[in-house]
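The sequence and the structure come first, and my entries follow.

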Amino acid sequence: MKLTYAPLWDTLKNKELKKTDLCNLAGLSRNTLAKMGKEEYVALEVVERICNGLSCRVEDVVEVRE
């Protein structure tokens with residue numbers, strides 16, 4: 001199984017936000033954003049901050065693909 005952050009990029013697009021907006025809203029570093037862009041794992045705390053910052057659900061941020 002593999003994690004993908006494709007739902008997050010769709011969520012940002014639907015909310016008309018840029019990745020830099022996400023960094024500001026969720027308090028993310030550019031390094032964390034880069035890891036997500038490479039489909040690398042990030043801490044669940046990061047996903048929680050994104051959900052809180054964007055007022056969305058976990059499913060709007062990350063998806064597990066087989």
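**Entry: two helices in contact**

I looked up how helix H2 (residues 19-26) and helix H4 (residues 44-54) are placed, and I found that their axes come within 8 Å and cross at roughly 100 degrees. In this notebook helices (H or I, at least four residues) and strands (E, at least two) are DSSP runs, numbered from the N terminus. Axes are lines fitted to C-alpha atoms, for helices over the stretch in contact, and angles run from 0 to 180 degrees between N-to-C directions. H2 and H4 are therefore roughly perpendicular to each other, where angles under 35 degrees count as roughly parallel, over 145 as roughly antiparallel, 65 to 115 as roughly perpendicular and the rest as oblique.

Which residues make the contact? I noted Leu22, Leu25 and Ala26 on the H2 side, and Arg49, Ile50, Gly53 and Leu54 on the H4 side, with contact meaning heavy atoms within 4.5 Å. Sorted by class, the contact of H2 with H4 has 5 nonpolar, 1 polar and 1 charged residues. Here Ala, Val, Leu, Ile, Met, Phe, Trp, Tyr, Cys and Pro count as nonpolar, Asp, Glu, Lys and Arg as charged, and the others, Gly among them, as polar.

**Entry: what kind of model this is**

I wrote down that this is a predicted model, in which local features need pLDDT of at least 70 and side-chain atom pairs count only at pLDDT 80 or more, while totals for chains, interfaces and linings use all residues. Residues are numbered from 1 along each chain as its sequence is written, and side-chain values use heavy atoms, with hydrogens and water left out.

**Entry: the cysteines**

How many disulfides does a search of the whole structure find? I found 0, taking a disulfide as a pair of cysteine sulfur atoms within 2.5 Å. For Cys23, the closest cysteine sulfur is in Cys56, 15 Å away, which is too far for a bond. Cys51 is in no disulfide either, and its nearest cysteine sulfur, that of Cys56, is 4.4 Å away. I also looked up burial (buried means under 20% relative accessible area, exposed over 50%, partly exposed in between, with a 1.4 Å probe and protein chains only). Cys23 is buried, with a relative accessible area of 11%, and Cys51 counts as buried at 7%.

**Entry: the faces of H1**

In helix H1 (residues 6-14) I listed Pro7, Leu8, Thr11 and Leu12 as the buried residues. Seen down the axis of H1, they fall within an arc of 140 degrees, so they line one face of the helix; the arc is that of the directions from the helix axis to the C-beta atoms. On the other side of H1, Lys13 and Asn14 are exposed. I then asked what the buried residues pack against, and the partners are strand E1 (2-4), H2, helix H3 (30-37), H4 and strand E2 (63-65). Just after H1, Glu16 takes a positive phi of about 55 degrees.

**Entry: the faces of H3**

Thr32, Leu33 and Met36 are the residues I noted as buried in H3. They cover an arc of only 100 degrees around the axis, which puts them on the same side of H3. The face turned away from that buried side carries the exposed residues Arg30 and Asn31, and the cover over the buried residues of H3 includes H1, H2 and H4. In the loop between H3 and H4 I came to Glu39, which has a positive phi of about 60 degrees although it is not a glycine. Glu39 is partly exposed, with a relative accessible area of 25%.

**Entry: the faces of H4**

Returning to H4, I found Val46, Val47, Ile50, Cys51 and Leu54 buried. They cover an arc of only 140 degrees around the axis, which puts them on the same side of H4. Leu44, Glu48 and Asn52 are exposed on the other side of H4, while the cover over its buried residues includes H1, H2 and H3. H4 is followed by Ser55, whose phi is positive, near 50 degrees. Ser55 is exposed, with a relative accessible area of 66%.
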